[in-house]
Amino acid sequence: MEILVCARRVPDTSENEIEMNGAGDDIERDDLVYSVNEPDNYAVEEALEIVERTGGTVTVVTVGGDDDEEILRREMAMGAKNGVLLSDDDFNGADGRGIATILAAFVKRGHYDLILTGVQAEDGAAQVGGMLAAMLDYPFASLVNAIEVQHGKLKISREIEGGSKEINEIDLPCVLSIQTGINEPRYVGMRGIRQVASIPIPTFGAADLGVDGDAGPAAAKVKRMDYFTPPLGKGAEMLEGSTEAIVDSLIGLLKAKGGLN
Amino acid sequence: MPRIFAYIVHKGGVADDSAAELAAAAQKIDAAQSPAAVVTGWGPDLDAVCESLRASFGEVWKIANEALAYPNAELVRKALVSVLPSGSIVLAPHSHFGTDLSPGLSIKMNAAYVPDVLDIETADGAALKLIRQEFGGQVSAHVRCDISTGAVITIRPGAFKPVQSAPAGGTVVDKSAAVGALTCGRRYLETIAPETGDVDITKYPVLVSIGRGIQEQDNVGIAQDLADALGAAVSCSRPVVDAKWMEKSRQVGSSGQTVKPKVYLACGISGSFQHLAGIKGNPFIVAINKNRNAPIFRVADVGIAADILAFLPELTAKIRQS
Amino acid sequence: MVEAIESPSQATYWFIQGRVLFWIINLLGSACFAYIVAKRTVPLIRGQRDIRFDRPFIRLGRLLQYWFGQWRHPRYLTAGVLHILFFAGFIVLVIHTVALLALGTSAHATATGGLYGAISDYAATVVFFCMMVAIVRRILKPARYAVPARYGKAHTADAIFLLALIAVLMAADSLFEASRAAGHEPLAVMSLPWMLQGALAAAPLAVLANLCLGAYLVHELTFFFLLCYRPFGIQFHVETSLFTVFFAKLDRGTVKPVRWGVPDEQLDQVKSFGVKTFEDFTWKHMLDFYSCADCGRCSDQCPANAVGRPLSPRFLTIKARDYCFQHFPVWGKANNGHPLIGGIYSEDEIWSCTTCGACEAECPLLVEYIDKIVDLRRGMVDDGKVPQSLQKPLKALESRGNPFGKMEKKRADWLKAKDFQATCDVKILNGGHNTDTLYFVDSITSYDDRIQAIGRATAQILNRSGEDFGILGAAEKDSGHDVRRFGEETLFMALREHNTEAIKASGVQRIVTSDPHAYNALKHDYKDVPPVEHISELIARKVHAGDIKLKEVEDVNNVYAYHDPCYLGRHNGVYDAPRQVLDAIPGLKRVEMRRSRDRSFCCGGGGLALFYEPKEDQRMGVKRVQMAAEAGANVIVTACPFCMVNMEDAIKVTGMEGKMTAIDLTELVEKQMR
């Protein structure tokens, strides 16, 4: 199977807080470290496990600039055969639909049996996969947490409310968005990345893909205007003081609210 | 202002809570309009839902088709595209179903797409100014959405409080004929319910809930000790299940269980909306987290900035003494 | 006239003249043995390079101490004494045995007599009775000989078989002596031959002759059978132990390079890192597998084994040895190439090791374990087989220089604690200062809320005792000590390079640290950095010189037990300095725990071991605080931040709060400083 995975480079926010910058117009980016979006990493691992069973190759593609190449190399170090960068000045400021347009144009240049994306990225939009599928007229399924390859189709499980699993059959070629926890991604270390450091990564621009003007900021219907931290409003009443005092206050509150019998 | 449609999710003949929230959101976009509900399905359940929606929607567009008996987003999308006028604003809940349906729907309707909206600040015939969150709820953002060719918008569950208003006295309009034969490349097979675990967290009035802050499986016992002292059960957020420290049946959240306790202790939980979506009934929420900026403190009633690994044993000890 | 019994070479054994028979037996036996040894050498030739011929005189010294001197044996007294006795017996009997072999092939050869002959008789006696005792012990079975079900069936039958054969060898020799001497030659009094001689006093000559010749034949056959059988089991250590001990690792505390002879800059050209198949082991490691005597002491001391983790060092070796015997057989073709992980080893088994070194400290044959575990981990890392729980801290180490993922610029925030900042000014070295000493803080002391107190206590001690020191602050990255021991060599090298540059840029002459893992790394893994000392050594020195004065303990009812951290004690031999410091505190009552010094019981591991989630019955820390309680202590003193984390954790988990506290040596000293 030829599998394409759409990945994205995002700030790593697991341990560190995102804060507004001094000017108040963007988040503070100085100390951010970036890595591949976690659900996308699960998607690449899933793709690798599938081709280990069925044969074929995995291609990882991203829309961005030079900085974004590092995630392609990381996924190639993980085992993806090809990395592709879709880059053009015009792509900056593209909205979700614009990204999907760019990716769709790339997909049409090749032949892929299966296209995977991570379920969502740091903006929580969870949109590119579904849009891409609609543009290509491929069937789509989101929140996929298990894949079984059958002949010309897949049997997949989707995560739905209450922890239940919705089992579907989906024809190939199709687009799936992959949920975290579907597998255990293999480790990629510095050595692995060094070994793929000099493999050339083909780059395609707007003209190569034939999307002049269709994907850039001019075409974007949705624009983020700013970042802000909302006024806290009431929020929680913070208990302060010594641990002993806090514990006593809390026990008092729990008794009052029926938490303590 | 384009016409506003609200896609209604339903189960067992009852409309989902999100229906009222979508009505409220529609109100905010255009107070002058009485939005239309659009419902897909089949059989008496569908009819019952449509009937119940007449009180809050001016029109209820019913799309009955046997293929839609189970809500397969791919098929629902095809149905909606056949029925909805182009240029409309379509609202849907930002849920498992809503996110499966909506991005593709926006493409097929050539409309703008804004997911997971928390509030609508301004609205005119050309554009909407919406509020979203990014980075797991740590920052908010204003988003401008051009609605000149319509829009598909998914609404954050619980963000819009249902508004009390006089019954709309809407009519049910049957649009089933507009939909042709429905087939697609994805076919629903079955639903597998999760294995019932040893403990049914939905039955407990007090829950000690743990998140990533518990740090390792060996520390889960600290939460269990507190739960034992309180006569409570231990529940958790998604990362704890992903790390395999607790079973899926203990997970509270949109992809886990929905709980309605009296008291909810969120220990080391950041407060992502997917987790909070599983907490209903407005319980007394105590949040304990090392990070003062964690989103959980915005929704908790009482907050304690502390390391749960140090704090919980102290709390347990004190409770045992008294 | 008393007829002498003819020599076996002259006698006729079933139509063959003795001389011919024994020439055949000697030649065949030797050839067989040579062939077997040659086949056993095959995997070693195919194995990886290992540089073990350097510093021959030091090696010779260690050979005398550990092999000839049986230095490690008395650590398990009964077995140790037994072994010393029959080892000595064997050494004595070497010449005697060779002479005995020659006897059958030549009429001119004589048996050994005189003083040496008498000593040999005693030696054979001692060996014989030792074998009897050893057989009984094998039946009564000390716990460490037990074979858990998952490793197969017990080794008892095989062990008894071999012990019995040695006894037969001694008996045959003694019977030969006794029957030949028969009445006219005096034999060493109370020796086995002497006893048999007594028993045979009345026997007629013909019987004696038959016994004599028969005993000789039995001796020959048994000797060559044992010679050729030994390479098929643990008894091979009889031959290989000398080499294993001679080639044993000389450099404490460090880990072998990825490939001997390949410098760091050329590592990119190495196709595969670590040990994935058997031939990836070095020849010395393969020799270790041959040399294991299955004594079980390593596993008996192994803390991972004690808490039910899937690791047992003894079986790490035995399984590898069995694999080698199976896939490089003496009869048949070699067939190698099977992955070891997922084959004879499980991933969890290899990740379970905390590299505490208890196994290596115990092994009488100086078998090495840590290098093998690290090599196996390197192989797994190379293949991407890293547990998810370790991937997160490794990723954080790569992007942030610490396993917690916290921001680099916050690395020195521990200085900003309110009360501390006012009383102690700590310089952040940025190359401009001419500061004498660097306090290398390392990650956990920098970032962990509780452990930062150790950093502050250390800084206070340095400050108040007049040390001119500074820290690297945000320029410091994790020492990488455990990154290396968990198999991520490339990341380790990057961290080491960064820190080495920062240290050099600071211009310091010495380094002090409160973290034994950092201490070990800077001392052994890092090159070209100034000499490093652990804070306990510095404090001991200053107390001795009078620069630090300690006041009386407040609570005279406290009983203190010092826990030796693995990387301070066992790996680096620093046992006394911390004890001297404690003993210098007036009124402090100190007890020793059951397992201390080089027998210290690992707290559970440091560095990345804190993140790994093992399958175990119980935490190592729990066992350790129970040992402290057993020793009568209510305060456990550590000198390592990771030990502190594990001890405090264990106290919480066992509900011993109020009955046991843990305190770091630096925290105690700071409290008691006048």
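Helices here are DSSP runs of H or I with at least four residues, and they are numbered from the N terminus. The model is a predicted one.

**Stop 1: the loop between H4 and H5, chain C**

Select helix H4 (114-140) and helix H5 (156-181) of chain C, then the loop that lies between them. C:Gly152 sits in that loop.

C:Lys141 belongs to the loop between H4 and H5 of chain C. Check its backbone: phi of C:Lys141 is near 55°, a positive value in a residue other than glycine. C:Lys141 is exposed, because 12 other C-beta atoms lie within 10 Å.

Go back to C:Gly152 and draw a distance to C:Val270. The two are 118 residues apart in sequence. From C-alpha to C-alpha they are 37 Å apart in space.

**Stop 2: the domains of chain C**

Colour chain C by domain. Domain 1 covers 12-232 and domain 2 covers 264-382. Domain 3 covers 402-544, and domain 4 covers 547-672. How far apart are the centres of domain 1 and domain 3 of chain C? Taken over C-alpha atoms, 57 Å separate them.

**Stop 3: a helix crossing in chain C**

Select residues 620-630 of chain C, which form helix H25, and residues 641-653, which form helix H26. The two axes come within 8 Å and cross at roughly 80°. Angles from 65 to 115 degrees count as roughly perpendicular, so H25(C) is roughly perpendicular to H26(C).

Show side chains at the crossing. Which residues of H25(C) meet H26(C)? They are C:Gly621, C:Val622, C:Arg624 and C:Val625. On the H26(C) side, look for C:Asn646, C:Met647, C:Asp649, C:Ala650, C:Ile651 and C:Val653. By class, this contact of H25(C) with H26(C) has six nonpolar, two polar and two charged residues.

**Stop 4: where chain C touches chain B**

Show chains B and C together. The contact takes five residues from chain C and six residues from chain B. Colour the chain C side by class: there are four charged residues, one nonpolar and no polar.

**Stop 5: chain B**

Colour by burial next: of the 322 residues of chain B, 54% count as buried. Turn to contacts with a separation of 6 or more in chain B. Residues 24 or more positions apart account for 65% of them.

Domain 1 is 4-178, and domain 2 is 201-321. The C-alpha centres of these two domains of chain B lie 33 Å apart. Where they meet, seven residues of domain 1 are in contact with seven residues of domain 2. Select the domain 1 side of chain B at this contact. By class, that side has five polar, one nonpolar and one charged residues.

**Stop 6: chain A**

Switch to chain A. Its secondary structure comes to seven helices and 13 strands. Along the principal axes, the C-alpha trace of chain A spans about 65 × 45 × 40 Å. Chain A has 261 residues, and 48% of them count as buried. Take contacts in chain A between residues at least 6 apart in sequence: 69% join residues at least 24 apart.

**Stop 7: two loops of chain A**

Select strand S9 (165-171) and strand S10 (174-178) of chain A. A:Pro173 has its place in the loop between them. Which form does the peptide bond from A:Leu172 to A:Pro173 take? That bond is cis, with omega near -5°.

Finish at A:Asp137. A:Asp137 is in the loop between helix H4 (128-136) and strand S7 (140-149) of chain A. Look at the backbone: A:Asp137 is not a glycine, although its phi is positive, at about 60°. Is A:Asp137 buried or exposed? A:Asp137 is exposed, because 11 other C-beta atoms lie within 10 Å.

How values were computed:
Residues are numbered from 1 along each chain as its sequence is written. Chains are lettered from A and ligands numbered from 1 in the order in which they are written. This is a predicted model: local features need pLDDT of at least 70, side-chain atom pairs count only at pLDDT 80 or more; totals for chains, interfaces and linings use all residues. A residue is buried if 20 or more other C-beta atoms lie within 10 Å of its own, exposed if 12 or fewer, and partly exposed in between; C-beta atoms are placed from the backbone. Two residues are in contact if their C-beta atoms, placed from the backbone, lie within 7 Å. Ala, Val, Leu, Ile, Met, Phe, Trp, Tyr, Cys and Pro count as nonpolar, Asp, Glu, Lys and Arg as charged, and the others, Gly among them, as polar. Domain bounds come from an automatic or database domain assignment. Axes are lines fitted to C-alpha atoms, for helices over the stretch in contact, and angles run from 0 to 180 degrees between N-to-C directions. Angles under 35 degrees count as roughly parallel, over 145 as roughly antiparallel, 65 to 115 as roughly perpendicular and the rest as oblique.
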